[in-house]
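I'll jot down what I look up as I go.

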Amino acid sequence: MVRFAKAFWTGDGKTGNGKISTESGVMNDVHYAYTSRFEQASGTNPEELVAAAHAGCFTMKLSFILAETGFTATSIDTKCDIDFQNGEIVSSHLTVQASIPGIDKEAFDKAITNAKENCPISKLYNTKITAEAHLG
């Protein structure tokens, strides 16, 4: 399976503008620019998209791991913070809030670690990846 996204850019890095689109069409010519990446202007940025990819991938991997061990989550809510410093991503931090009937803390922590280490996006990164998780 191969998936793709496309980026189009005009101009220089600071004053130019771009558009990002995905194969699925969920994103179609979504604006990005210096101001949406380094300031608080509207539009997206690569780090936000990486955070979304990591949160989504981790959460789905966790649900598979839970199922393999006999648990089904009522809900898993994952936030991913990407730390972008001096032109590089230095870390990805996952914050998880989950409701999983019948699971104990030890099994939950083991599943979190497994998902953190083995989701495809985690494996893709060459950066520090951390996670914190809460049951309840």
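**Aromatic rings**

I started at Phe84, which is partly exposed, with a relative accessible area of 24%. For my own reference, buried means under 20% relative accessible area, exposed over 50%, and partly exposed in between (1.4 Å probe, protein chains only).

A note on the source: this is a predicted model, where local features need pLDDT of at least 70 and side-chain atom pairs count only at pLDDT 80 or more, while totals for chains, interfaces and linings use all residues. Residues are numbered from 1 along each chain as its sequence is written, and side-chain values use heavy atoms, with hydrogens and water left out.

Next I looked up Phe38, which is partly exposed at 45% relative accessible area. The ring centres of Phe38 and Phe84 are 6.0 Å apart with the planes at 35 degrees, so I put the pair down as tilted. It links distant parts of the chain, with Phe38 in helix H1 and Phe84 in strand S4 (residues 75-85), 46 residues apart. My rule for rings of Phe, Tyr and Trp (its six-membered ring) is that they pair if their centres lie within 6.5 Å; planes under 30 degrees apart are stacked, over 60 edge-to-face, and the rest tilted.

How many aromatic pairs does this rule give? I get three. Another tilted one is Tyr34 with Phe38, at 4.8 Å centre to centre and 45 degrees between the planes. These two sit four residues apart in helix H1 (residues 34-38), so about one helical turn separates them. Tyr34 is partly exposed too, at 23%. I noted Tyr34, Phe38 and Phe84 as one aromatic cluster.

**The sheet**

I then traced an open sheet of three strands, in the order S1-S2-S3, with antiparallel pairing. Strand S1 (5-10) and strand S3 (30-33) are at the edges with a single partner strand each, so one side of each has no neighbour in the sheet. Helices (H or I, at least four residues) and strands (E, at least two) are DSSP runs, numbered from the N terminus, and two strands pair if DSSP finds at least two bridges between them. S1 and strand S2 (residues 17-22) run antiparallel and are joined by six bridges. Opposite Trp9 I found Gly18 in S2.

**Residues around the largest pocket**

Which residues line the largest pocket? I listed Met1, Arg3, Phe4, Ala5, Ile20, Thr22, Glu23, Ser24, Val26, Met27 and Leu49. A pocket here is an open set of points on a 1 Å grid over the protein atoms alone, where a 1.4 Å probe fits, with protein on both sides within 12 Å along at least five of seven lines; lining residues have an atom within 4 Å of a point.
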